[in-house]
Number of protein chains: 2
Amino acid sequence: METSALQNARYKYQPKLPAILSHSIEEVALSFGEPTASAADSEALAEMFKLSYGKPIASFVKGKNEKIKRPLTVGVILSGGQAPGGHNVIAGLYDGLKKGNANSALLGFLGGPSGLLEDRAVEFTGAIIDEYRNTGGFDIIGSGRTKIETPEQFAAALTTAKKRKLDAVVIIGGDDSNTNAALLTEYFAANNLETQVIGCPKTIDGDLKNEYIEASFGFDTAAKTYSELIGNIERDAASAGKYWHFIKLMGRSASHITLECGLQTRPNVCLISEEVEAKNSSMTQIVEQICSSVVKRAENKINFGVVLIPEGLIEFVPEMKKLIKELNDLMADYGDELTEKTSFVDQINWLDNRLSGEANALFKSLPSEIAQQLLADRDPHGNVQVSRIDTEKLLIGMAEKKLKELKNSGAYKGKFSALAHFFGYEGRSAFPSNFDADYCYSLGFTAFVLIASGLTGYISSVRNLTAPAEKWIPGGIPLTMMMNMERRHGSPKPVIKKALVELEGKPFKTLAENREKWAADTCYQFPGAIQYYGPSDVCDQPTKTLILEHS
Amino acid sequence: METSALQNARYKYQPKLPAILSHSIEEVALSFGEPTASAADSEALAEMFKLSYGKPIASFVKGKNEKIKRPLTVGVILSGGQAPGGHNVIAGLYDGLKKGNANSALLGFLGGPSGLLEDRAVEFTGAIIDEYRNTGGFDIIGSGRTKIETPEQFAAALTTAKKRKLDAVVIIGGDDSNTNAALLTEYFAANNLETQVIGCPKTIDGDLKNEYIEASFGFDTAAKTYSELIGNIERDAASAGKYWHFIKLMGRSASHITLECGLQTRPNVCLISEEVEAKNSSMTQIVEQICSSVVKRAENKINFGVVLIPEGLIEFVPEMKKLIKELNDLMADYGDELTEKTSFVDQINWLDNRLSGEANALFKSLPSEIAQQLLADRDPHGNVQVSRIDTEKLLIGMAEKKLKELKNSGAYKGKFSALAHFFGYEGRSAFPSNFDADYCYSLGFTAFVLIASGLTGYISSVRNLTAPAEKWIPGGIPLTMMMNMERRHGSPKPVIKKALVELEGKPFKTLAENREKWAADTCYQFPGAIQYYGPSDVCDQPTKTLILEHS
């Protein structure tokens, strides 16, 4: 395969490691802290994770590690949506394993967790790994969204682990996949299988984080890629002076991506789902916030602007959430009846008698394309596919209507012409930034040390990420430490707590302090394309979120 | 204003100049060739451009240039859509002027040609220029789409030129703007005004080129920015293995952008408008081409892919062109009648009696959203706004229908799930690549030499662009040399000939030779983000189009 000039150049990049990992690995020993408790619901979790609950945090210290040179067979899985740097986690893990013992083997299970369940795997060679170093995507083995949930699935995982004589399985994934890793740890232990389980924190959404996981990998690159595009559009908007750009950004629940992009590009409006929910904002209020910026700018003869919208926004609008819940419940109970109605008018009439008054009023107030989308696109469980709803177009339609009213009342004299964008797939498989390349490689290498040291039920952790890589602090965090109990599909489940945007945190507060000015004035900042070479302040800076959270 | 790390770094970049311009400017003399003829219609053009037709090509040679140090007052205009590097044309022009004589002045007319007509201008200072060096966008003075067409507009331009005592006006724009420059040259000469007129070749579309204009500026950066995104999406598609991405790319008429992006990223399908027109392809045939790739890949259990679509495609489909022309004609004659029909059904019935049989059949076969769009979105002249038509969604809808038929007949057994994208605004105002930064700066500097040497009616030309910048060949090409007569709005007009994709040219032939393989296999190439620093083969390569055209 002929590869691009950048890809060829990136092959030569040697990712940086924390100092302790870049010397002789025989001198990397583990030191353990006190037993740990879960994020909440410790009693219930201690009961569910009898054999794996409450392990101590593992730190790496200089010392003799007898175990590190034994030959190992390890399997690795990429789980869920792509995030830049996944290939480097595997490369770091591979290099660590081979550094430990040339006879160690790394298997890649194909197509996500189903590869483990169905025992479809490839054994990595140096040549394979070299083809994927510092590249984006998950195509080295593919990914998948299968979850390990049923007794049959757990048994299948165990069968493969036994058959392949796996010393360990590394699951590279988000909060759900790492919850799976915790469950698998307990299951293997309960079945006297010595296969260890180690997780790695992946997700561009940035919502797998806590005191010990400062960032999930891929967030840095994805946010920077979207910020490049937003900055380019801002500059275009300011040059042409005639469009309002409504830009929706991927991220189903948490708004970290939108917040980070907002801090990097300083748009006129940056909506944050968590704030919308906390303030119990209505769709009308959100549209008023946007129109307030449009009106203020028009007073200064500025008829352009940029609005950032998190993909999951409408799920956080309490009235919309209520509407969607009512629709989902109706579909679950009477889905077939509704499906039989072939015309939209018939569907509206059918819903008229069944939705609550408030939900019905909101439903009827939506632009008809959006209302139709709500009914038409449903996932295999019959739920509304929120990601298919064109929130950006919904907001444009509602803003146009509101501005017309304001114009009629004399309160607005500008011109409003809007364009819609959605960025998501553009950033999930980009070449990892230097930060993500280094961070992922370090996470993979750290996973190796945890495995070689005999640990199970841990997530690979690399901290102190705002410092240069050599000062990063690698270690292992017990998976149960990040867990709590949440209701899922009506019953309590042990899950890793999702980190939503903290309204009291510095990143959001920085946005909140500046947004009035950004709404009225043009304070755009243009980050440009991710640079892999050149001045360090251009190439090696972590996200603004990370810097603010740790300043 | 706080600027980004990349912007700060780019301020320090010193664009490269052709060797002859990087030494003492007193030694840059002009040498002239033979009188030139226009691209076609020489008699008619010689008649229309009595005072400015047929000038010789101007080359730069080492020699004494007496005129180059005189103080000058020059005005500059940014015309039309943004293209990366516009700020550097102005910086090159400014630096040249100041190098010639510290008392020379450069005025920037605000908001495009209307700034000249209404005499709205700013005088550049070093501080202003420094804030915009090597940045994207046209926000230094803004751009506009006003054309200088009416006698009143020509008179207004003359009034401003006189009042401001302009030695020259530089018009930075595409084919239409440079046609304007030619007309203004003639008008000024006919009115005994000594203000010279110089054009600069700008457009991301890449359709302003010929033997002497190897590329219009901005094409390089825009195509590379879109290719970054396409490559990222290809990698994502290959990793997830479940989506076909239909990506529409900006460029209203010529398909150079799509062709260049196709060569850079090797998608499964890359549609070229010029080929569609030449082959007289129907919508059905285009959809069959796409489905042929979908089916072939599905036979190998590959259910993902990437399709590139030039924005102007449907205007090149002869049957669509006919339909759009009929619609435009009907709207021109009976627009009000149609507008009165408030329901889509009434509109269809109204059209039923008025469209020709073929056009009516095609219109009725379109997905209803698209048909509605055709009627709803019209420009101020009542014409169909082709750029508003979601060609990518039209093709997805038609492909879904076709694949369903193929599935029913047993000829297709795959899964087809498609996502639509449109890239345009993301690339027009990106930080210019090193190539565009150097090329634009050289074009601006060359424009200064042409002005200082007393030339009018020329376009700034920098050739030999596949060589390193020091070997580039600057000079001046008479605007009339690039012109011919074309029918516009029913009457013959002198215009600069648009360069469409040559089906016999190497760039298209390279696509054509490879596309069967690319359609069936996965041969994606991932160019990644534009790099400004690092290895030269990553940072300084011109487009594949340019390399192939000049190899």
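How many residue pairs are in polar contact between chain A and chain B, counting pairs with both at pLDDT 80 or more?

First, a word on what we have on the screen. This is a predicted model, with an ipTM of 0.96 and a pTM of 0.96. Chain A has an average pLDDT of 95, and 99% of the residues score at least 70.

Now to the arrangement of the copies. Two copies of a chain are related by a rotation about an axis and a shift along it. Here, chain A is superposed on chain B by a rotation of 180° with 0.0 Å of shift along its axis, at an RMSD of 0.1 Å. That is the relation of a two-fold axis. And how do the copies meet? Through the same surface, because 100% of the interface residues of chain A are also interface residues in chain B.

Let's look at that surface. Chain A puts 59 residues into the contact, and chain B puts in 59 residues. Between them the two chains bury about 4500 Å², with 50% of it on carbon and sulfur atoms.

Back to my opening question: the count between chain A and chain B is 28 residue pairs in polar contact, both at pLDDT 80 or more. On the side of chain A that touches chain B, the elements giving two or more residues are α1 (5-11), α9 (219-240), β11 (418-423) and α21 (536-539) of chain A. Of these, α9(A) gives the most, with ten residues.

Next, the charges. Side chains of opposite charge can pair when their charged atoms come close. Over all chains, the count comes to 66 salt bridges, and six salt bridges are found across the interface of chain A and chain B. In one salt bridge, E2(A) pairs with R266(B), and their closest N and O atoms are 3.3 Å apart. Another salt bridge links D139(B) with R235(A), where the closest N and O atoms are 3.0 Å apart. This pair joins two chains, since D139(B) lies in the loop between α6 (126-132) and α7 (151-163) of chain B, while R235(A) lies in helix α9 of chain A.

One last stop, in chain B. Where is L548(B)? It sits in helix α22, residues 544-549 of chain B. Leaving aside neighbours within four places in sequence, L548(B) is in contact with L263(B), K506(B), P507(B) and T510(B). By way of contrast, take D333(B): L548(B) and D333(B) are 215 residues apart in sequence and 47 Å apart in space, C-alpha to C-alpha.

Note on methods
Residues are numbered from 1 along each chain as its sequence is written. Chains are lettered from A and ligands numbered from 1 in the order in which they are written. Side-chain values use heavy atoms; hydrogens and water are left out. Copies are superposed by least squares on the C-alpha atoms of residues with pLDDT of at least 70 in both. Contact means heavy atoms within 4.5 Å. Buried area is the accessible area (1.4 Å probe) that two parts lose on being put together, summed over both. A salt bridge is a side-chain nitrogen of Lys or Arg within 4 Å of a carboxyl oxygen of Asp or Glu. A polar contact is a pair of N or O atoms within 3.5 Å; within protein, one must be able to donate a hydrogen and the other to accept it, and residues adjacent in sequence count only if both atoms are side-chain atoms. Helices (H or I, at least four residues) and strands (E, at least two) are DSSP runs, numbered from the N terminus. pLDDT is the predictor's confidence in each residue, from 0 to 100.
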